[in-house]
Amino acid sequence: MKKKHKRILIGIAAFIPVTFISLSFLIAVVIIKITGDTSDIENILQTLLLVDDTSDIGNVFHILLVVARGMMSIGIAFAIFDGIGFFIFNILNNQMPHDKKVGWGYMLLIINIVAVPAYWYNFIWKRRY
């Protein structure tokens, strides 16, 4: 596999946490905005859709919430593994000055979800040292 393809795959892995976590929040917010009070979902759906049986529609919302939770879990797992992987790459990177390594190391550990895509872009994709 060519080096550019490897860098692209690493970039995809770097952006998965941001994408999945954002989409899961978006799905949850849309469901809550549509239903209003989540404790009384069937009565609200009956009122909004003017139907007597909302079991199928309630199941759709339930499935969407399960998908959102799954996407959140995948995003968090990728964030943890990305953070560890990029932190190790940062430590082993001999081309970067020590002060930059320390700064990026702290950022990769503390603000992982923002720092990993920025680190990928600067030091893997563009190779700015």
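A residue counts as buried when its relative accessible area is under 20%. Phe 123, at 4% relative accessibility, is therefore buried. The model is predicted. Its largest nonpolar core holds 11 residues, Phe 123 among them. A search of the whole structure finds 7 aromatic pairs.

**Nonpolar core**
- The core consists of Ala 14, Phe 86, Met 96, Trp 104, Leu 108, Ala 115, Val 116, Tyr 119, Trp 120, Phe 123 and Ile 124.
- Helix 5 gives the most, with 6 residues.
- Trp 104 touches Asn 90, Met 96, Ala 115, Ala 118, Tyr 119, Asn 122 and Phe 123, leaving aside residues up to four places away in sequence.

**Aromatic pairs**
- A ring pair is described by the distance of the centres and the angle of the planes.
- Phe 15 and Trp 120 have ring centres 5.8 Å apart and planes at 85°, so this pair is edge-to-face.
- That pair links distant parts of the chain: Phe 15 sits in helix 1 (residues 3-35) and Trp 120 in helix 5, 105 residues apart.
- Phe 15 is partly exposed, because its relative accessibility is 37%.
- Trp 120 is buried, because its relative accessibility is 10%.
- Tyr 119 and Phe 123 have ring centres 4.9 Å apart and planes at 50°, so this pair is tilted.
- Both Tyr 119 and Phe 123 belong to helix 5, 4 residues apart, or about one turn of the helix.
- Tyr 119 has 0% relative accessibility and so counts as buried.

**Cluster and charge over a ring**
- One aromatic cluster is formed by Phe 86, Phe 89, Trp 104, Tyr 119 and Phe 123.
- Arg 7 lies over the face of Trp 125, 5.3 Å from the ring centre.

**Helix 4**
- Helix 4 has 13 residues, which at 1.5 Å a residue should span 18 Å.
- The end C-alpha atoms of helix 4 are 18 Å apart, which agrees with that span.
- Its buried residues are Lys 101, Trp 104, Gly 105 and Leu 108.
- Seen down the axis of helix 4, these buried residues fall within an arc of 110°, so they line one face of the helix.
- Asp 99, Tyr 106 and Ile 110 are exposed on the other side of helix 4.

Definitions and conventions. Residues are numbered from 1 along each chain as its sequence is written. This is a predicted model: local features need pLDDT of at least 70, side-chain atom pairs count only at pLDDT 80 or more; totals for chains, interfaces and linings use all residues. Side-chain values use heavy atoms; hydrogens and water are left out. A nonpolar core is a set of buried Ala, Val, Leu, Ile, Met, Phe, Trp, Tyr and Cys residues joined through side-chain atoms within 4.5 Å. Buried means under 20% relative accessible area, exposed over 50%, partly exposed in between (1.4 Å probe, protein chains only). Helices (H or I, at least four residues) and strands (E, at least two) are DSSP runs, numbered from the N terminus. Contact means heavy atoms within 4.5 Å. Rings of Phe, Tyr and Trp (its six-membered ring) pair if their centres lie within 6.5 Å; planes under 30 degrees apart count as stacked, over 60 as edge-to-face and the rest as tilted. A charge sits over a ring if NZ of Lys or CZ of Arg is within 6 Å of the ring centre and within 35 degrees of the ring normal. The expected span of a helix is 1.5 Å times one less than its number of residues. The arc is that of the directions from the helix axis to the C-beta atoms.
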